[in-house]
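My entries follow in the order in which I looked things up.

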Amino acid sequence: MTVANSVSISQSIAGRYAQAVFEIAKESGGMDALATQTDDLNAALHDSAELRDLIASPIYSRDQQAAAIGALSTRMGLSPVLANTLQLMAKNRRLFVLPQLTARLAELIATERGEVTADVTSAIALTDAQMDRLKQTLAEKTGKTVKLNTRVDETLIGGMIVKLGSQMIDSSVRSKLASLQNVAKEVG
């Protein structure tokens with residue numbers, strides 16, 4: 001089995017669980033709670049090496065994984081639908097797809113809400129006013145509500161790179177200097 005196949009299988013498994021949780025939350029009016037819990041669960045995965053180890057390591061038994069996920073669900077105050085889904089995933093040895101599950105849930109929720117996420121990399125941290133102006137400009141362009149994922153990369157020297165879906169706008173000084181360098185090579 002190739003790596004691409006295993007990724008595809010993981011996404012397929014996660015997609016089925018995510019779709020089921022999403023549909024139940026949508027029918028019961030729990031979309032806002034699901035969005036918050038998905039973000040919280042994703043943050044827990046990002047912040048906790050122990051949780052990543054628990055879901056990926058084969059040394060933990062089904063019962064150990066189920067007990068740990070049950071305790072986590074209770075501590076995080078997850079909805080019964082999400083908590084039960086995680087329990088089912090533990091019993092079926094499918095917790096390894098939890099990162100893909102949270103990503104897919106976030107996509108489904110954003111689509112339902114008419115939101116898009118823009119990845120913004122800037123040379124310095126953006127102020128709240130700059131983020132608001134950028135959100136407004138992107139919202140006018142897309143006709144959707146825009147969420148920003150921001151990060152700082154000082155190697156850009158100045159400016160920013162904005163990725164929105166398949167589009168990328170690179171207004172960084174580093175990019176402009178590279179373009180100038182290429183033009184200078186062609187002339188010289």
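Before reading any helix pair, I noted that axes are lines fitted to C-alpha atoms, for helices over the stretch in contact, and that angles run from 0 to 180 degrees between N-to-C directions. I also noted that the model is predicted.

**Entry 1: a helix pair**

I looked up helix H4 (residues 62-76) against helix H5 (residues 80-91) and found that the two pack at an angle of about 165°, their axes lying 8 Å apart. Because angles over 145 degrees count as roughly antiparallel, I wrote H4 down as roughly antiparallel to H5. The crossing in which H4 passes H5 is right-handed.

I then asked which residues of H4 and H5 make the contact. On the H4 side I listed Arg-62, Gln-65, Ala-66, Ile-69, Gly-70 and Ser-73, and on the H5 side Ala-83, Leu-86, Gln-87, Ala-90 and Lys-91.

**Entry 2: salt bridges**

I began with Glu-112 and Lys-26, whose closest N and O atoms are 3.3 Å apart. This pair links distant parts of the chain, with Glu-112 in helix H6 (residues 98-113) and Lys-26 in helix H1 (residues 3-28), 86 residues apart. Glu-112 is partly exposed at a relative accessible area of 40%, and for Lys-26, also partly exposed, I recorded 40%.

I turned next to Asp-32 and Arg-113, whose side chains meet in a salt bridge at 2.7 Å, N to O. Here too distant parts of the chain are linked, since Asp-32 sits in helix H2 (residues 31-47) and Arg-113 in helix H6, 81 residues apart. Are the two partners buried or exposed? Asp-32 counts as exposed at 54% relative accessibility, because the cut-off for exposed is over 50%, whereas Arg-113 counts as partly exposed at 35%.

The remaining entry concerns Arg-104 and Glu-107, whose side chains meet in a salt bridge at 2.9 Å, N to O. Because Arg-104 and Glu-107 are three residues apart in helix H6, about one helical turn separates them. I recorded Arg-104 as partly exposed, with a relative accessible area of 31%, and Glu-107 as partly exposed, with 45%.

Definitions and conventions. Residues numbered from 1 in each chain as written. Predicted model: local features only at pLDDT ≥ 70, side-chain atom pairs only at ≥ 80, totals over all residues. Heavy atoms only, no water. Helix = DSSP H or I, 4+ residues; strand = E, 2+ residues; numbered from the N terminus. Parallel < 35°, antiparallel > 145°, perpendicular 65-115°, else oblique. Left-handed = near helix turned anticlockwise from the far one by under 90°. Contact = heavy atoms within 4.5 Å. Salt bridge = Lys/Arg side-chain N within 4 Å of Asp/Glu carboxyl O. Buried < 20%, exposed > 50% of the residue type's maximum accessible area, 1.4 Å probe, protein only.
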